[in-house]
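I opened this notebook page to record what I looked up in one structure. The entries run from the overall fold to a single residue.

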Amino acid sequence: KDYVEGMHAMLQAPKADTFVLASGITTTVRDFVKMSFEALDIALVFEGEGVNEVARDKKTGKVVVKVNPEFFRPAEVDLLIGDASKAKEQLNWSAKTNLNELCAMMVKTDLERAKNGFEF
């Protein structure tokens with residue numbers, strides 16, 4: 001919702017310009033995975049490191065996440081974080097949904113899609 005509001009604000013601007021819409025928050029992939037499973041009330045335990053790291057369901061011991069080197073970026077950067085200060089200044093836009101809420105919304109939407117037969 002926040003980003004749609006930001007896009008609408010861009011369309012209302014007096015002249016066309018480029019804006020970054022971002023939360024201004026960075027997180028690790030591991031923390032995002034933890035948030036995703038927390039949205040399902042599943043606690044994770046991480047084991048191993050690097051490409052051998054896995055996440056297990058703390059309750060069942062089942063491996064639910066594995067690292068897949070196929071999805072590594074060719075040139076990783078140290079920090080990925082969007083700067084939405086221009087959108088704040090010129091459009092009065094800022095993200096209102098926190099990262100945990102956004103992650104939970106994404107998980108619940110994907111689950112609903114899967115229940116309805118949507119395939120990724």
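The entries below cover the model, its fold, its surface and its core.

I note that this is a predicted model, in which local features need pLDDT of at least 70, side-chain atom pairs count only at pLDDT 80 or more, and totals for chains, interfaces and linings use all residues. Residues are numbered from 1 along each chain as its sequence is written, and side-chain values use heavy atoms, with hydrogens and water left out.

**Fold.** I looked up the secondary structure, taken as DSSP runs (helices H or I, at least four residues; strands E, at least two). The protein chain has four helices and three strands, in the order α-α-β-β-β-α-α from the N terminus. Its radius of gyration is 18 Å, well over the 14 Å that the globule rule gives for 120 residues, so the chain is more spread out than a compact globule. I recorded that this radius is taken over C-alpha atoms, and that the rule is 2.2 Å times the number of residues to the power 0.38. The C-alpha atoms fill a box of roughly 55 × 35 × 25 Å along the principal axes.

**Burial and core.** I found that 19% of the 120 residues are buried, meaning under 20% relative accessible area with a 1.4 Å probe, protein chains only. Which residues form the largest nonpolar core? I listed eight: Ala9, Ala13, Phe19, Leu21, Ala84, Ala87, Leu91 and Trp93. Such a core is a set of buried Ala, Val, Leu, Ile, Met, Phe, Trp, Tyr and Cys residues joined through side-chain atoms within 4.5 Å.

**Trp93.** Leaving aside neighbours within four places in sequence, I found Trp93 in contact (heavy atoms within 4.5 Å) with residues including Asp2, Tyr3, Leu21, Ala84 and Ala87.

Definitions and conventions. Buried means under 20% relative accessible area, exposed over 50%, partly exposed in between (1.4 Å probe, protein chains only).
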